[in-house]
Amino acid sequence: MPHRKTALRLVAPVAVLALALTACEGGDDKSDADAKSPATGEASPSPSQAASGGDLATGESATGKVAEDPGEVTYDVVAQKVDVGTEAEAAKAVADAADVKGKVLATAYIKYTHKSGPALTEGSDVHDGATVFADGQRGSVLVGASEDAPGCEDPYDVESWKQGESHVFCETYVIPAGAKSVEAHWSEEDGEPYVWKFPQK
């Protein structure tokens, strides 16, 4: 099964800043609208309302399904934390420090637990639904930076994943320095995002 980041990882021994945000990840318009509307919580979805997504409390998990090879897997997903670095650290992480002037790195630690479905033997795509936002705006992904962070696993190294087992995958994004609120988002394919908020001091 092809993974969307594999090719980039093979050709990029150092972290690569993806400055252009593509529409394949959902886009900002939809997420901005979600941020302005209240979470529906336990309300039953109407035909015009997604069955998933919404704001979650710290430590609260979401449940979602992902089309994997060899079949659909249901996961429990929880954003454990978001580590926000310094401007100096961001400058060291990229080839051209000018690309990240006035910006910092934000690494979201997200724990995924295989709840039901077939065992996986060739990696997983569950982490593809994760993004990081700051003050309501999506950050720029920094490819190749997360795998070396303490406590983070490389999703492409997970070759066996059975029911009941958990893994922590991380996503690193570049966000503006001084952001007041950082959010970790995760969504099923074509689903509304679940949002964990991590206010900054």
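User: Which residue meets Asp-83 in a salt bridge?

Analyst: This is a predicted model, where local features need pLDDT of at least 70, side-chain atom pairs count only at pLDDT 80 or more, and totals for chains, interfaces and linings use all residues. Residues are numbered from 1 along each chain as its sequence is written, and side-chain values use heavy atoms, with hydrogens and water left out. A salt bridge here is a side-chain nitrogen of Lys or Arg within 4 Å of a carboxyl oxygen of Asp or Glu. At 3.7 Å, N to O, the partner of Asp-83 is Lys-81.

User: Are Asp-83 and Lys-81 buried, partly exposed or exposed?

Analyst: Buried means under 20% relative accessible area, exposed over 50%, and partly exposed in between (1.4 Å probe, protein chains only). Asp-83 has 33% relative accessibility. Lys-81 has 37%. So Asp-83 is partly exposed, and Lys-81 is likewise partly exposed.

User: How far apart are the closest N and O atoms of Asp-55 and Lys-197?

Analyst: Asp-55 sits in strand E2 (residues 54-56) and Lys-197 in strand E11, 142 residues apart. Strands (E, at least two residues) and helices (H or I, at least four) are DSSP runs, numbered from the N terminus. Asp-55 is partly exposed at 43%, and Lys-197 is partly exposed at 40%. The two form a salt bridge, with the closest N and O atoms at 3.6 Å.

User: Which residue forms a salt bridge with Lys-115?

Analyst: Lys-115 is partly exposed, with a relative accessible area of 44%. The closest N and O atoms of the pair are 3.9 Å apart. The link runs from strand E5 to strand E4, between residues 39 apart in the chain. The partner is Asp-76.

User: Why can such side chains pair, and how many salt bridges does the protein have?

Analyst: Opposite charges on side chains can pair when the charged atoms come close. By the 4 Å rule, the count of salt bridges is 3.

User: Which residues gather in a patch of negative charge on the surface?

Analyst: Asp and Glu count as negative and Lys and Arg as positive, while His and the chain ends are not counted. Patch residues have over 30% relative accessible area and no salt bridge, with like charges joined within 9 Å and nonpolar side chains (Val, Leu, Ile, Met, Phe, Trp, Tyr) within 5 Å. One member, Glu-159, lies in the loop between strand E8 (140-143) and strand E9 (166-176), and Glu-159 is exposed at 56%. The patch is made of Asp-69, Glu-122, Asp-157 and Glu-159.

User: What is the phi of Asp-135, and where is Asp-135 placed?

Analyst: Asp-135 is partly exposed at 46% relative accessibility. Its C-alpha lies 9.2 Å from that of Ile-175, 40 residues away in sequence. Asp-135 is not a glycine, yet has a positive phi of about 50°. The place of Asp-135 is the loop between E6 and strand E7 (137-138).

User: Is Asp-190 buried or exposed?

Analyst: Asp-190 is in the loop between E10 and E11. This residue also has a positive phi, about 65°, although it is not a glycine. With a relative accessible area of 73%, Asp-190 is exposed.

User: What distance separates the C-alpha atoms of Gly-144 and Ala-93?

Analyst: Gly-144 lies in the loop between E8 and E9 and is partly exposed at 34%. Gly-144 and Ala-93 are 51 residues apart along the chain. Their C-alpha atoms are separated by 9.9 Å.

User: How many helices and strands are there in the protein?

Analyst: The elements run α-β-α-β-β-β-α-β-β-β-β-β-β-β from the N terminus on. Of the 201 residues, 42% count as buried. The protein has 3 helices and 11 strands.

How values were computed
Accessible areas come from the Shrake-Rupley method with a 1.4 Å probe; for residues, only the protein chains shown count as cover. The place of a charge is taken as NZ of Lys, CZ of Arg, CG of Asp or CD of Glu.
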